[in-house]
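Hi everyone, thanks for having me.

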Amino acid sequence: MASSDRSQPEAADLPARPAAHPHLERGQLPVVLALVIAVAAGALTAVQSRINGEFARVVGDPYTAAAISFGSGLLILSLAMCVWKPGRVGLGRVREALADRRLAWWMLLGGLAGAWFVTTQGLSAATLGVALFTVAIVAGQTVGGILFDLIGLGPGGRRRLTPTRVLGAVLALGAIAWAVSAQLAHDVPLLLMLLPFTAGVGVGWQQAVNGRVKQAAGSALTATFGNFLGGTIALVVAALVHGAVAGFPALPGTWWLYLGGALGCVFIAAQAAVVRTIGVLLLALCGVAGQLAAALALDLLLPTAERPLELATVGGTVLALVAVLVASIRWSRHAHAAKDGGE
């Protein structure tokens, strides 16, 4: 929907667009392709959680692990900016959007939410297990997706809650409750689960504001670079403070522990590229499917937690996939039908 909706903050408003349905505008990704990319991005998030959680466990310092993960991603993106001109041009467009008040300054702070997400991976993923960590994350994503779509924070503006979207969100929350129910019987620290839940809400906010920055810049690389720059600065400061108090850890020689940053580059860029097409809520639901499926596979094939994987976690994962199917297929038909009459 056009972001000229008067209910949105003036600083976040974007120029008026033609009356055509925004999901069908020329140059946007097809809905089906955007859904596939969003699910794949969710799967990469679960893989990154496993890597960063293991990194933090090995070094005994989640802040250093998070800073290295984000810092390596920033290095990769800096090299990409040197060779990809549209990314550099996008920086100038972002400055112009800030000056014209088409983009609010706080929309450049998505990296802080990403920094908190990576930190919670180190603080809780190894203890909870990837599957349980992931259901807490996607619970926050689902709640955040509903909220941010309703207030119109994403680049597509306000997206009303159709019955299928509501049903998909309810099924996703039911999947989360089912997946976590059996694990709660094993003395899981509930307070520890609040960390990934808050990170999940932050991920929804991050996806929305990164989509705004990508729209203003005309380049997902620009949005992703800004995300990693802000997050790296915050995490390096936190790691230095923690190291000054508790001492700096020795770094491991296992090469794959350093892949978290590269994976983050991929899935954050993918999310920024598709959020305008499918919205924050549907992006979150696709993340539910991708994250839970990948987390389930990781806990089955490469278990790290002492607790056994429960049947309820498997059932919750399947129900999450059903939730995405309900919310996405009917919605895409609705989007095409809107050519003739809008929402």
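Before the first example, a quick definition: a helix axis here is a line fitted to C-alpha atoms over the stretch in contact, and the angle between two axes, taken between N-to-C directions, runs from 0 to 180 degrees. One reminder: this is a predicted model.

Okay, the packing. Find helix 1, residues 31-59, and helix 9, residues 260-301: they pack at an angle of about 45°, and their axes are 3 Å apart. That angle makes helix 1 oblique to helix 9. And what sort of residues make up the contact of helix 1 with helix 9? There are 24 nonpolar ones, 11 polar ones and two charged ones.

Next, the holes. The structure has two cavities of 30 Å³ or more, and the largest cavity has a volume of about 110 Å³. Its lining is made of 15 residues, and T45, F117, V203, Q206 and F267 are the ones nearest the centre. The elements giving two or more residues to that lining are helix 1, helix 4, helix 5, helix 7 and helix 9. Which helix gives the most to the lining? That's helix 9, with five residues. By type, the lining has seven nonpolar residues, eight polar and no charged.

Last stop, the core. The largest nonpolar core has 38 residues, and F117 turns up here too, among those with the most contacts inside it, along with L77, L128, V135, F228 and L235. Several helices supply at least two residues each, including helix 2, helix 6 and helix 8. Helix 5 gives the most to this core, with seven residues.

Okay, that's me done. Thanks!

Note on methods:
Residues are numbered from 1 along each chain as its sequence is written. This is a predicted model: local features need pLDDT of at least 70, side-chain atom pairs count only at pLDDT 80 or more; totals for chains, interfaces and linings use all residues. Side-chain values use heavy atoms; hydrogens and water are left out. Helices (H or I, at least four residues) and strands (E, at least two) are DSSP runs, numbered from the N terminus. Angles under 35 degrees count as roughly parallel, over 145 as roughly antiparallel, 65 to 115 as roughly perpendicular and the rest as oblique. Ala, Val, Leu, Ile, Met, Phe, Trp, Tyr, Cys and Pro count as nonpolar, Asp, Glu, Lys and Arg as charged, and the others, Gly among them, as polar. On a 1 Å grid over the protein atoms alone, a cavity is a set of points where a 1.4 Å probe fits but cannot get out, and a pocket is an open set with protein on both sides within 12 Å along at least five of seven lines; lining residues have an atom within 4 Å of a point. Grid points are joined across faces, edges and corners, and a volume is the space filled by probe spheres set on the points. A nonpolar core is a set of buried Ala, Val, Leu, Ile, Met, Phe, Trp, Tyr and Cys residues joined through side-chain atoms within 4.5 Å. Buried means under 20% relative accessible area, exposed over 50%, partly exposed in between (1.4 Å probe, protein chains only).
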